[in-house]
Amino acid sequence: MTNPARRLPPNESAVTEPAALPDATPVTLNEDVLIDDARRLEMTWRDGGGLWGWLTTVDHKVIARRYIITAFLMFIAGGLEAGMMRMQLARPENTFLGPDRYNQIFTTHGTTMMFLFAVPIMTAMGLYFVPLMVGARSIAFPRLNAFGYYTYLMGVIFLYVSLFLNMAPDAGWTAYVPLSGPEYSPGHRVDVWAQLVTFTEIAALAAAVNIIVTTFKMRAPGMSLNRIPLFVWAQLVVAFMIIFAMPAVAIASTLQLASDRAIATHWFNPAEGGDALLWQHIFWFFGHPEVYIIFLPGLGFITPIVETFCRRRVFGYTAIVLSNITTGFFAFGLWVHHMFATPIPELGQSLFTAASMMIAIPTGVQIFCWLVTMFSGRPRLTTAMVLILGFFITFVNGGLTGVMLASVGFDKQVHDTFFVVAHLHYVLLGGAVTPLFAAFYFWFPKVTGRLMNETLGKWQAWLFIIGVNLTFFPMHILGLNGMPRRIYTYLSQTGWGPLNALVSAGAVIIVVSVTLFIVNAAMSWRSGLLAGANPWDSYGLEWATPSPAPSYNFLNTPVVLGRHPLWDTGSPLPVVTGLRTDRREVLVTTTFDAQPDHRHKHPTASIWPLIMALVMAELWIGSIFTPWAVLGGVGLTLLCMLGWGWQSTAETDVERVATEGRIVEAA
Amino acid sequence: MTTPSPTRQESLGSVRDLPTVTFGHRSLMWWGTLGFMTIEGWSLALIAAMYFYIRQNFLTWPPITIPLPSVTIPTINLVLMVASVVPAWLADRAARRLDVGAVKLWLLISTLMSLPIPILRWYELWSLNVRWDTNAYGSAAWLLVGSHATLLILDVADTVGLTLFYWFKRMPIKAMSDTSDNSFYWYFMVAIWLPVYLIVYVGPYVF
Amino acid sequence: MARGPRCVEHARRASRRVASGILAVAVAGCAGSQNVLDPAGPPNRSVNHLFWAMLIVSSIIWVAVVVAALWALISRRRRTREDLEPVVIVPNERHRREVGIVTGLVGATVVILLLFLVYDFTVGRALAERPSRTLTIELIGHQWWWEVHYIDPDPSKLMVDANELHIPAGEPVQVKLSSQDVIHSFWVPNIIGKRDLIPGYTSSLFLDADKPGVYHAQCAEFCGLEHAKMALPVIVHSRADFTAWLAEARSPAAEPSDSSAAEGKKIFLAGTCSSCHAVTGVEAYGTIGPNLTHIGSRRTIAAGTLPNTRGNLGGWIVDPQSIKPGARMPSNQLAGKDLRNLIDYLETLK
């Protein structure tokens with residue numbers, strides 16, 4: 001038998017033909033050898049235990065799980081804030097919350113949901129599953145990942161401590177100037193908002209870089225670009241969007257608003273040539289892509305769930321990929337539709353109307369593809385599929401009101417009213433949160449090794465769908481009936497009382513639904529049915545490893561021969577061997593065709609990500625109170641960089657170095 | 001959990017003979033560096049766009065009563081930056097040759113040539129002839145130059161750190177790849193400064 | 001088991017109640033003085049038509065998608081007791097048909113969107129026209145009240161008012177919007193869509209109403225603590241009535257005839273009132289607060305927060321913070337006779 005290693009393509013040349021591993025004669029692997037390897041890999045890849053192990057772990061699954069749990073807690077916090085708002089608005093001229101408290105609560109609700117729940121949980125799903133889905137042992141930059149989580153956590157603590165100290169921001173999650181400027185928002189409330197945004201932006205950028213590099217360079221051999229799972233495609237597009245959108249809001253909040261407030265710059269001060277509209281432009285340049293950053297991963301969840309439960313490979317893979325890319329790209333060209341009531345020239349506004357309507361097309365493409373998949377498949381109505389139905393019911397409604405809002409004349413009537421509140425909750429709850437719940441039911445077994453309870457699940461799903469529609473549908477009518485947003489109360493003669501009472505009642509149903517979910521998750525984690533590696537007989541690589549996945553993800557790197565690996569290859573699983581078990585090694589492959597390129601020594605656990613995050617926290621929080629904190633922060637950052645670098649250059653092993661056309665062994 | 005993969009596995013080959021250290025676009029770190037370059041370059045582009053937006057609010061540029069920025073120190077610094085690309089490039093070449101001695105030498109020269117740059121940057125800020133809190137022109141110019149300054153300080157610190165490590169401890173061979181990426185990042189720092197210099201220091205003379 | 005007659009009766013009554021509730025909401029939803037769906041002028045009427053057209057088409061699409069999803073899930077559901085069915089392989093013939101269907105649906109989507117776009121642009125162009133008009137009003141936003149200037153080519157005829165807007169029916173009125181502090185938004189739903197009042201900018205809105213009546217406008221851009229209580233009635237007069245009203249309003253305040261009002265005037269001028277409030281024809285020139293020249297004839301006080309009655313006015317003067325916490329007006333320790341006299345005076349300022 002010929003030496004299989006010689007069959008692998010030479011690693012110096014760029015392989016341009018589509019991925020096809022040369023015919024290697026498969027060698028069935030001995031079970032005992034596998035068990036032995038597994039034991040050694042576990043010892044190599046498992047981060048230590050105890051408090052120190054907890055603080056220094058770089059396992060992407062552990063970090064992502066923390067992100068998801070923290071972000072879900074934020075969902076609950078944001079929901080409690082919404083509950084308080086609904087209690088206040090349930091009756092006209094209610095006295096449950098005064099104006100100051102109400103303004104802090106609605107601002108914190110929006111800020112929590114948009115910055116501390118929605119984006120982090122979506123990137124966390126990527127951080128957990130992308131490496132598994134592309135067949136990698138780990139994520140590209142594990143320590144950067146840990147740093148990102150700790151930074152996010154600091155942001156969470158910062159905002160909520162401020163809320164309890166009566167220092168929560170109170171100018172809306174959009175913080176328009178001049179209201180949020182130094183003259184009209186004295187004190188530190190808006191500074192908390194400005195710096196919080198920076199914490200979350202840094203975490204999101206860290207996640208984005210990780211997802212892009214993992215997806216481009218660490219895929220399983222044979223997983224060429226046109227075989228990447230659609231979940232991963234969605235995460236990839238979103239990662240690029242994060243890179244181009246997040247800096248805008250970080251600059252606006254920390255480098256412009258915070259500096260106007262702290263060191264008297266004049267970005268937004270019309271008296272000195274600054275511009276109140278500039279804030280809106282830069283904020284919404286970020287803000288519009290932001291909502292697609294939240295929504296596209298939801299679409300990425302739907303495809304594998306529909307494929308698995310309808311037993312059919314999705315119709316229109318290429319169309320869906322292109323539609324994700326198109327949506328991601330055009331999302332950057334819509335932002336002025338948030339500013340139709342401002343004195344921007346009408347011709348300019350019309351361009352944004354056209355773009356805002358046209359972006360419905362790629363999303364429509366995906367929906368049609370899924371409908372066709374369902375029609376020619378054999379659907380099984382699990383909880384996840386009920387929630388997918390919920391997506392059709394809720395999101396499509398929101399998407400259609402979005403098209404209506406694209407009209408300048410109509411938008412000028414309902415802008416800044418409860419009609420928009422209805423629209424945004426329909427698209428976010430229907431297009432992102434509902435698929436997110438479906439994803440939880442689908443992938444919970446992979447994360448915990450146990451199935452969630454289907455009966456409780458179906459109850460939760462229907463209650464959520466009904467609750468969301470009951471709560472938010474009447475808001476369309478309220479907006480058309482003249483009710484503006486962000487008001488802490490209203491007069492009874494407006495006649496808005498009855499519908500508001502209905503809305504508040506609907507909110508109770510949502511609370512029940514989410515409570516059911518938490519109960520189900522908690523119970524199932526402890527005593528749910530054991531799931532095994534692939535309870536749904538799904539096709540992705542994540543299902544080719546035990547549940548929960550071991551610290552090293554895969555015993556041997558799988559080889560992919562199509563878009564649906566496990567359905568295309570069946571058993572036994574084709575793999576490549578050869579990664580070392582005595583140190584952490586990942587396989588790096590070529591960008592387009594995923595040919596094996598080199599083996600990369602991966603970092604072990606480290607305390608530096610936590611320390612760096614603490615230093616950054618000092619910098620951003622301290623700078624609210626004195627600009628000198630920036631100097632201290634920069635100094636400490638430089639020291640941290642030294643420490644981090646020192647640790648990462650500690651070991652001097654013998655390596656095979658590929659340079660200038662040859663391979664050299666050197667240490 | 002130590003149970004092996006649930007499905008039976010068959011090997012199609014071994015990657016045992018693949019290299020473990022690579023340079024340039026084959027390496028993960030290069031991609032990470034590229035990611036940060038994209039973020040930072042785009043951020044500067046956004047700030048530049050806002051600088052032009054603010055321009056619309058003024059009849060003259062710089063605004064009336066504000067003198068033109070002085071170009072002496074900025075031009076000296078620009079020349080120094082372009083010159084400092086040379087030792088960075090030579091350090092990169094040495095790293096690819098796996099020549100520790102040459103890497104140490106060129107990293108040291110690179111450090112010595114790049115240390116004055118952030119110091120001069122301080123004077124460049126004052127060469128703007130306006131304070132950040134005078135008016136929106138001042139705020140915009142300071143932010144554009146100042147943002148690049150922050151990135152500069154971090155990158156120079158990176159180079160200094162790498163140099164210190166090479167001189168004072170035994171570095172793993174993979175650090176050669178890091179050295180190469182460090183030079184890559186420095187080329188970007190200089191390249192992205194060029195348009196900023198033109199916009200802030202030359203622009204007011206032209207528009 | 002047959003249902004008892006009682007149950008049937010209950011069910012019938014309950015469903016009648018639900019139906020009438022929905023009807024009530026629907027009717028209420030389409031009428032009112034602060035309601036987009038009850039147009040009082042041609043521009044809003046055309047926006048309404050656009051809205052209804054988009055709503056009907058959207059509803060049909062929504063129903064179609066939901067029905068399709070339900071149909072697929074129900075008609076195609078697996079009927080075997082097998083835990084897992086094998087993965088479906090779609091034959092080429094079927095796949096080609098699916099491509100045709102999806103292409104058709106995408107094409108239909110594009111066509112519908114283009115139609116919406118064209119209709120919207122038509123409406124938009126009409127709304128964007130700058131008609132000739134005879135009246136210009138300046139509206140200046142403050143935290144949390146509205147300053148209103150009725151402009152006339154003759155500067156001596158400038159009329160300053162606050163927290164209430166009067167316009168004639170049947171002709172377009174230009175409202176120029178600006179703000180003294182933060183961004184506000186002027187929105188009178190029955191007449192036209194909103195426009196923001198942005199410091200550093202002046203923007204224009206054209207009001208074109210043809211149904212006389214009293215409508216309500218409210219600030220529609222979050223502007224701080226009391227954003228919820230920054231409204232103003234918009235009164236649309238017939239042409240003749242408006243001319244009469246404007247002439248009346250332009251005339252200076254008459255000297256109060258009865259003694260209590262005269263006493264009240266003294267209190268007004270001697271105390272802190274005149275340092276914030278102005279009254280034309282009297283030595284009160286304050287510009288921090290609303291102009292009070294016509295306070296007596298206003299329908300509401302505190303920017304639409306309370307009806308203008310003696311009791312409310314008294315309560316507002318003595319303790320504004322209990323009604324609108326955070327309002328810029330301090331409390332005034334006035335009691336009994338003094339307060340009554342002051343209110344008597346203010347009532348004469350029609």
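Two strands pair if DSSP finds at least two bridges between them. Helices here are DSSP runs of H or I with at least four residues, strands are E runs of at least two, and both are numbered from the N terminus.

Some ground rules. This is a predicted model, where local features need pLDDT of at least 70, side-chain atom pairs count only at pLDDT 80 or more, and totals for chains, interfaces and linings use all residues. Residues are numbered from 1 along each chain as its sequence is written, and chains are lettered from A and ligands numbered from 1 in the order in which they are written.

Start in chain C. Strand E4(C), residues 165-168, pairs with strand E10(C), residues 231-237. The sense is parallel, over 4 bridges. Opposite His166(C) stands Ile235(C) of E10(C). E4(C) is covered on both faces. Leu165(C) and Ile167(C) lie on one side, His166(C) and Pro168(C) on the other, and all are buried (20 or more other C-beta atoms within 10 Å of the residue's own, with C-beta atoms placed from the backbone). In a regular strand, side chains alternate between the two faces of the sheet.

Now chain B. Which strands of chain A does E1(B) pair with? One is E1(A), residues 27-28, antiparallel over 2 bridges. There, Val27(A) has Ser11(B) as its bridge partner. Another is E3(A), residues 573-577, which runs parallel to E1(B) and is joined to E1(B) by 4 bridges. Thr577(A) bridges to Ser14(B).

Next, a helix pair in chain A. H12(A), residues 383-405, packs on H15(A), residues 454-480. The angle is about 10°, and the axes are 9 Å apart (lines fitted to C-alpha atoms over the stretch in contact, with angles from 0 to 180 degrees between N-to-C directions). That makes the two helices roughly parallel, a label for angles under 35 degrees. Contact means C-beta atoms, placed from the backbone, within 7 Å. Among the contact residues are Gly390(A) and Ile393(A) of H12(A), and Ala461(A) and Trp462(A) of H15(A). The set divides into 8 nonpolar, 7 polar and 2 charged. Nonpolar covers Ala, Val, Leu, Ile, Met, Phe, Trp, Tyr, Cys and Pro; charged covers Asp, Glu, Lys and Arg; the others, Gly among them, are polar.

Last, the A–C interface. 77 residues of chain A are in contact with 72 of chain C. H12 and H15 of chain A each give two or more residues to chain A's side. H11(A) gives the most, with 12 residues. Chain A's side divides into 45 nonpolar, 21 polar and 11 charged.

Note on methods: Angles under 35 degrees count as roughly parallel, over 145 as roughly antiparallel, 65 to 115 as roughly perpendicular and the rest as oblique. Two residues are in contact if their C-beta atoms, placed from the backbone, lie within 7 Å. A residue is buried if 20 or more other C-beta atoms lie within 10 Å of its own, exposed if 12 or fewer, and partly exposed in between; C-beta atoms are placed from the backbone.
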